[in-house]
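Student: Could you walk me through how to read a few features of a protein model?

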Amino acid sequence: MRAARLIKMVLLLQSRPAMTAAELARELEVSERTVTRDAQALSEAGVPVYADRGRAGGYRLVGGYRTRLTGLARGEAEALFLSGVPGALREMGLEDAASAARLKVSAALLPSLRDAPDSAARRFHLDAPAWFQEPETPALLPAVAGAVWEDRRVTARYRRGQDEVRRTLEPYGLVLKAGVWYLCARVADGGSFRTYRIDRFTGLDALDERFDRDPDFDLPGHWADQAERFARSILRAEVLVRLSPDGVRALPYAVDPLAAREALDGAGEPDAEGWVTVTLPVESEEVAHGQLTALGPQAEVLAPAALRERFAADAARTAALYRRPGEGG
């Protein structure tokens, strides 16, 4: 533990002109007294750490000292490619590896380029979870991530309805979608690829045996295919809708984007008022009612009849609500 901390201290000093004891203590998560002791230990080991005394003092390396301890370990190199998703790294238990990797890269840069990581961080940030949600990290996520990195088979238990199912899986990859973690895995012994919500796992045992990855497996492609298939599978009903030009523009924001795309692609020519009639795939009439209500007077439901009558009743109640006292019906 101390050896790793001493290496990190050297890399920090190598990547910056100088650092105060307080800054080093914060980066290393130790006390300033420990920083003083570590600096002394490095000096005794032949690393030229120089202490500037006084109020504005600190520590620096002298004589153009360059450590050779900049080689990335495998875990650090892998984590580095995920460093743009800090929340995901933290949830998978890879934050320390990514921090060490970034520090080693910074230490290897020319002095004129050492502000590049900070410059990029000030300009770009990825916020993966959806709005108005406080995502919860699945308790088993670090264990699942470890098995993914190591190509290690697992025995997983997960909820399916009221039952608990047990499967031996080959975990291929993780996907973070709108704050929810999914595992793309193949059922062991030649089974098919499936996708699991990790928050539905109730238990996970990593096995000693590893698996050989299918070199043709494409995680982004697999996820895109699964996501579109799922989105299409829940669109089991259809609604005939007449849309104004404003309704056409608003439709993709009110309903499922896949459903909106299919509906608008099949739209007929605008009528004399500029309105178009579309056949909209929907999950159910109940869901369609909630979605199309958001379009207000920019959408007219033509069929099915029961849904049209429901919108007509809504419109009558709304008109009555806004009618001033004393106005006629």
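This is a predicted model: local features need pLDDT of at least 70, side-chain atom pairs count only at pLDDT 80 or more; totals for chains, interfaces and linings use all residues.

Student: Let's begin with the whole chain. How many helices and strands are there in the protein chain?

Tutor: The protein chain has 13 helices and 10 strands. Of its 329 residues, 33% are buried. Take contacts between residues at least 6 apart in sequence: 60% of them join residues at least 24 apart.

Student: Now the rings. What describes a pair of aromatic rings?

Tutor: Two things: how far apart the centres are and what angle the planes make. This structure holds 8 aromatic pairs. One of them is formed by Y158 and F201, at 6.3 Å centre to centre with 45 degrees between the planes, and it is tilted. That pair links distant parts of the chain, with Y158 in strand 3 (residues 152-160) and F201 in strand 7 (residues 201-210), 43 residues apart.

Student: Are those two residues, Y158 and F201, buried or exposed?

Tutor: Y158 has 7% relative accessibility, so it counts as buried. F201 is buried as well, with a relative accessible area of 7%.

Student: And how should I read the rings of Y182 and W223: what are the distance between their centres and the angle of their planes?

Tutor: The centres are 5.1 Å apart and the planes sit at 50 degrees, so this pair is tilted. Again, distant parts of the chain are linked: Y182 belongs to strand 5 (residues 180-187) and W223 to helix 9 (residues 219-233), 41 residues apart. Both Y182 and W223 are buried.

Student: Which residues do ring pairs link into a cluster?

Tutor: Y172, F193, F211 and F217. There's a charged neighbour to look at too: R213 lies over the face of Y172, 4.9 Å from the ring centre.

Student: What about D199: where is its place?

Tutor: D199 is in the loop between strand 6 and strand 7. With a relative accessible area of 33%, D199 is partly exposed. Setting aside neighbours within four places in sequence, D199 is in contact with P138 and R159.

Student: Last one, pockets. What does rolling a probe over the atoms show?

Tutor: A probe the size of a water molecule shows where empty space is left. Here, the second largest pocket has a volume of about 780 Å³.

Student: Which residues lie nearest the centre of the second largest pocket?

Tutor: Y182, T195, R197, W223 and F230, out of 21 lining residues.

Student: Where does the largest share of the lining of the second largest pocket come from?

Tutor: From helix 9, with 7 residues. At least two lining residues each are supplied by strand 3, strand 5, strand 6 (193-197) and helix 9. Sorted by class, the lining of the second largest pocket has 10 nonpolar, 3 polar and 8 charged residues.

How values were computed. Residues are numbered from 1 along each chain as its sequence is written. Side-chain values use heavy atoms; hydrogens and water are left out. Rings of Phe, Tyr and Trp (its six-membered ring) pair if their centres lie within 6.5 Å; planes under 30 degrees apart count as stacked, over 60 as edge-to-face and the rest as tilted. Helices (H or I, at least four residues) and strands (E, at least two) are DSSP runs, numbered from the N terminus. Buried means under 20% relative accessible area, exposed over 50%, partly exposed in between (1.4 Å probe, protein chains only). A charge sits over a ring if NZ of Lys or CZ of Arg is within 6 Å of the ring centre and within 35 degrees of the ring normal. On a 1 Å grid over the protein atoms alone, a cavity is a set of points where a 1.4 Å probe fits but cannot get out, and a pocket is an open set with protein on both sides within 12 Å along at least five of seven lines; lining residues have an atom within 4 Å of a point. Grid points are joined across faces, edges and corners, and a volume is the space filled by probe spheres set on the points. Ala, Val, Leu, Ile, Met, Phe, Trp, Tyr, Cys and Pro count as nonpolar, Asp, Glu, Lys and Arg as charged, and the others, Gly among them, as polar. Contact means heavy atoms within 4.5 Å.
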